Amino acid sequence: MDASDVLDLSKENVQPLLHGRKTAKLSTVLQLNSNIQQQQELKRQREEFELQIRTYDGPDPLQLRFDYVQWLEQSYPCLGPETNIIPFLEETLVAFKNIEQYKQDPRYVSLVIKYIGTQPNPLEIYNLVYSENIGTKLAMFYKAWAEVLDAHNDIKQANHVFQLGLNAHAEPIEDLEAAQM
């Protein structure tokens, strides 16, 4: 069975990602069920990542966590409970929530957005995050928030959120203006 056949048989179980997936990695991961050696290698890589995170003592602890989440998304396309991605995101968000340098960091804000996307009440969480002044200088935050409002058919409130971002001079402002159009 070639890679396209495996993908066709598994595509209903693959969680879509906003930034897409690497095709070669997806093909390899979807064939893991039949390859014990690849499963063991994936487990080894995961344990290595987790060890690095636990023992990190450098200037930017968020980078390893950000890289790990991206690796999880690529390596576990179903993003099922075996990934523990939601508890990991919760732990990360709590750990960095009150560190001023990360409140406007695109990596941190993208993790916040990922987490909100897994929750049943995203609009409440966006309001809370906004009130905590997290992501308020980044267009990605306002775009994601407005997309949720748009999905709830609340165009008026989505436009209000875009206006909040424009008033805050969220960067890149061009992205926000284009998204509002």
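User: What makes a patch of negative charge out of Glu171, Glu174, Asp175 and Glu177?

Analyst: Those residues gather on the surface. Asp and Glu count as negative, Lys and Arg as positive, while His and the chain ends are left out. A patch takes residues with over 30% relative accessible area and no salt bridge, joining like charges within 9 Å and nonpolar side chains (Val, Leu, Ile, Met, Phe, Trp, Tyr) within 5 Å. Each charge is placed at NZ of Lys, CZ of Arg, CG of Asp or CD of Glu. The areas come from the Shrake-Rupley method with a 1.4 Å probe, and for residues only the protein chains shown count as cover. This is a predicted model, where local features need pLDDT of at least 70 and side-chain atom pairs need 80 or more, while totals for chains, interfaces and linings use all residues. Residues are numbered from 1 along each chain as its sequence is written, and side-chain values use heavy atoms, without hydrogens or water.

User: Where does Glu174 lie?

Analyst: Glu174 is in helix H10, residues 173-180. Helices are DSSP runs (H or I, at least four residues), strands are E runs of at least two, and the numbering starts from the N terminus.

User: What is the peptide bond between Glu171 and Pro172 like, cis or trans?

Analyst: That bond is cis, with omega at about -10°. Pro172 sits in the loop between helix H9 (155-167) and H10.

User: How do you know which way the buried residues of H7 point?

Analyst: Start with the list: in H7 (residues 122-131), Pro122, Ile125, Tyr126 and Val129 are buried. Looking down the axis, they fall within an arc of 105°, so they line one face of the helix. That arc is drawn from the directions between the helix axis and the C-beta atoms. In general, an α-helix has 3.6 residues a turn, so residues three or four places apart point the same way. Over on the other side of H7, Glu124 and Ser131 are exposed.

User: What makes the contact of Asp60 and Arg107 a salt bridge?

Analyst: The rule asks for a side-chain nitrogen of Lys or Arg within 4 Å of a carboxyl oxygen of Asp or Glu. Here the N to O distance is 2.6 Å, so the pair passes that 4 Å limit. Asp60 is in the loop between helix H3 (36-55) and helix H4 (61-75), and Arg107 is in helix H6 (residues 106-116), 47 residues apart. Arg107 also bridges to Asp105, with N and O 2.7 Å apart, and both Asp105 and Arg107 are buried.

User: How many salt bridges are there in the whole structure?

Analyst: A search finds eight. One of them joins Arg65 and Glu91 at 2.9 Å, N to O. Arg65 lies in H4 and Glu91 in helix H5 (residues 85-96), so the pair ties together parts 26 residues apart in sequence. Arg65 is buried at 12%, whereas Glu91 is partly exposed at 45%.

Methods: Buried < 20%, exposed > 50% of the residue type's maximum accessible area, 1.4 Å probe, protein only.
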